[in-house]
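Subject: Handing over the structure

Hi,

Here is the structure I said I would pass on. Have a look at it first, and then read my notes below.

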Amino acid sequence: MPLLGGVRPPIAALLCVLLVVAAFTALALGTVHEQDVPQAVRDAERQIAEDAADSVGTSVNARAAAVRRAAASATPAGSGAPAAILRSFVPTEHPGQGAALLDPRTGRSLAASGEKVPLTGVDVTSLARPGTANIAPRLASSGSAEPRLLLFARVTVPAPSGKKDENHDQAGDLADDQDPDERELLLVVSEKVAAPAVFGGGRTGQLVDRNGRVVAAANAAAALTPKAEHQAVPADAATAANAAKAALTTGDAAGSMLGDGPDGLRRVTGWASLAAMDGTDDTSDLGLTILTGRDVAPAREGADHTWFAVMAAGALVVIAVLVTAVLWGTMQRPLLRLHLSAARLARSASGTATAREQLARPVPVVAFGEIGRVGRALESIRRQLSGETGPEPARPVRRRPGVRALVLVCVLVIAAWGVPLLFLLNRAPAEKAVPAVAVADQEARTEAAAERVRRSLDRSYTDLKAVASALSGASRERASEILRRDRADHPTYRSLYVLDRTGALALQVGKEPLRTLDPAPAGGGIRQVNTSGKIPAIAAYAQVPTAKKDAKAKDPKDPAPAVVVAEIGVDALDELVARPGLGSVWLTDAHHRVLAASVGFQAFQALPSRSLTRLVTRTDAAPGSAGSPASAVLHAGTATGGGQSVAAAAPLAQTGPAAGLGWRVVSAEPAAALKLAAFQVQARTMLAGLLALSAGVACLGWLHIVVVRPLRALTGCAERLAGGDHRTVLYPVHHDECGSVTRSLELLRQALVERDRGAMADVARVPAPSSPSGSAP
């Protein structure tokens, strides 16, 4: 019967797997080379461009929504001139550069304010055709003027009664499907294209169109002159614009490039498309791309790891061959010889002349371990069958190293190679491995996150002021409608409510407020309502202006007017601070307690490590000053996975309604997550050691299960049989060498039993001896 499994597969698998690990070690470590500009720096520049694109895109979407909201909520002058209607939609203090009211059927301008709105190349009639959804913003330019961002909104005004004015006559007759009591106009607001917000010393930021023309620059020192800014076509801007257009089909909306800079420096450029990949937001048709860049000094030529890779791989090859040779010489070969000898003895027990000749051949016995003990037991059984000796007396077995100790030694030899690679060799201290430019990039991205939080809070307060103005003099039903509409437009609002003059809750939409402002504050701003509890409460508030009809009758001693409050949800803050590649991010209050985070947290808990807290305290400054960001490589605690991290902290800029909050944004990215050659070598070295240990334990464990344990059980059975135990039946379990020897022992046991029966029968047939007296009967 052929043998299945046994001792050969585990040993062969061990050799093959260790050779594969050796090849992996040589290739994985030998192919890592130091770059003049690490990939981590290029990835960080791409992420900085993505952050800037997200900031600009959010701003454009917010401004477009604000224009539509103003057009929908304002009360137009029903019978006034188009100029009066335009003033009712766009107040004189609006941030736009210009505004116009157009006839959507002809594209004619009915009224305008501010600078001239550049409509060259914009098909107004096609944009405003009936049945279309919201009109997305457009980028327009006129001659040598700077490009302008055009924001559109449909407005419906009551049709004038009586005689029409001259401007209305220019609008033409009403459409057939239009309500004769209303008419639809198109509001266009022109704004200067905002420059992208970029941070970090020496970094520039540019906003380029689909043709590679720069339309806005963030760094004044690097910006072009206003007249030539939109005409310049830098090589990297054109390349980024082409990459952004290709991204619409490839699905890659950001990237980085590497070029040559002045004085031997390298220029690292990151780009990111402003458009969302799904094409659903207001920036999708602008064709704008954010371009950021900085000059960095090339890294010095690092260590070459090829020699280490060759030496480590060669050492593992030697260990693999040595372990295989030892297992082959001390286990595989003797066990196969034992299998053949046991089978020969089993055949020789048949009793034929040829078999008796085979029985005369001694069993080769090795002197090591359980295989030697089984061989000696077989030799004793052979001699018993040949009648040379009887059963051997049972002797105490002395504890000597056997095959189990041999397997353990092989595991230790492999571990002697794998453990140093896993825990000791090629360790990369983060303080030395992380370049200063990577630490600066972490700080710049943390500043961008802080700026993103500040702008969101400022935007919430600005929109709330508009709601407060709309609530002035409104009825309760109208006020409820305004609050519901604004709550729907701002999913970041957890609750929206109005406090009356006495501080009582007058109106409310959304969820129940966590904690109302008491007493009702005067003026407007943003406040952190609580300093303890399960959920942080942050509220933006604005005073509702007193209606003109009530202003004259108001008693100066009356309490403050009503206040509208928007409670900002913590989930919205969690989304603001979370950015890919920034690691764990926390938003802390003035006492460095966590308010929001990109990872799990408890409200008002301390930062996960004292080193992070000390880093945050470095951003503190004198009361009323802005403070400054700080960054370092430090141990950031278990929240970042342990080990060294690149950490940074930045205060919210001391401008706007959030100036007095004293909040900080803190980030910590594990240093090992950065794509640096030192960490790549460390990770691959650890992986090689882990693979070698896993392969050695797995294959030798397999050998222990299928050979060592059955062999130890077989040793006991053979020695008991040699010692005279002929009653215990031996049952083979596996179809391998041990199972074959067990079957042979069972045949030998049966032969010994037959021999004993024959001897007893011979004794029974021997006649009884005669009487010694010799007398006749």
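This is a predicted model: local features need pLDDT of at least 70, side-chain atom pairs count only at pLDDT 80 or more; totals for chains, interfaces and linings use all residues.

Residues are numbered from 1 along each chain as its sequence is written, and side-chain values use heavy atoms, with hydrogens and water left out.

Leu425 sits in the loop between α11 (403–423) and α12 (430–433); helices (H or I, at least four residues) and strands (E, at least two) are DSSP runs numbered from the N terminus. Leu425 counts as partly exposed because its relative accessibility is 32%; buried means under 20% relative accessible area, exposed over 50%, and partly exposed in between (1.4 Å probe, protein chains only). In that loop between α11 and α12 you will also find Asn426, whose phi is near 60°, a positive value in a residue other than glycine. Asp263, in the loop between β8 (254–260) and β9 (266–273), also has a positive phi, near 55°. With 79% relative accessibility, Asp263 counts as exposed.

Now for the inside. In soluble globular proteins, nonpolar side chains tend to be buried together. Here the largest nonpolar core has 52 residues, and Leu327, Met331, Leu378, Leu703 and Leu745 have the most contacts inside it. Such a core is a set of buried Ala, Val, Leu, Ile, Met, Phe, Trp, Tyr and Cys residues joined through side-chain atoms within 4.5 Å. Two or more residues each come from α1, α8 (306–348), α10 (369–385), α11, α18 (677–722) and α19 (737–765). A second, separate core has 42 residues, including Val453, Leu471, Ala540 and Ala542.

Ile11, in helix α1 (residues 8–30), is worth a click. Ile11 counts as buried because its relative accessibility is 3%. Not counting residues up to four places away in sequence, Ile11 touches Thr324, Leu327, Gln332 and Leu703, where contact means heavy atoms within 4.5 Å. The C-alpha atoms of Ile11 and Leu327 are 7.2 Å apart, although 316 residues separate the two along the chain.

Last, the charges. There are 28 salt bridges in the structure, each being a side-chain nitrogen of Lys or Arg within 4 Å of a carboxyl oxygen of Asp or Glu. One of them pairs Asp36 with Arg266, with 2.2 Å between the closest N and O atoms. That pair links distant parts of the chain, 230 residues apart: Asp36 is in the loop between α1 and α2 (39–73), and Arg266 is in strand β9. Another joins Glu191 and Arg63 (2.5 Å, N to O), tying strand β5 (residues 182–192) to helix α2 across 128 residues. Glu191 counts as buried at 9% relative accessibility, whereas Arg63 is partly exposed at 23%.

Cheers
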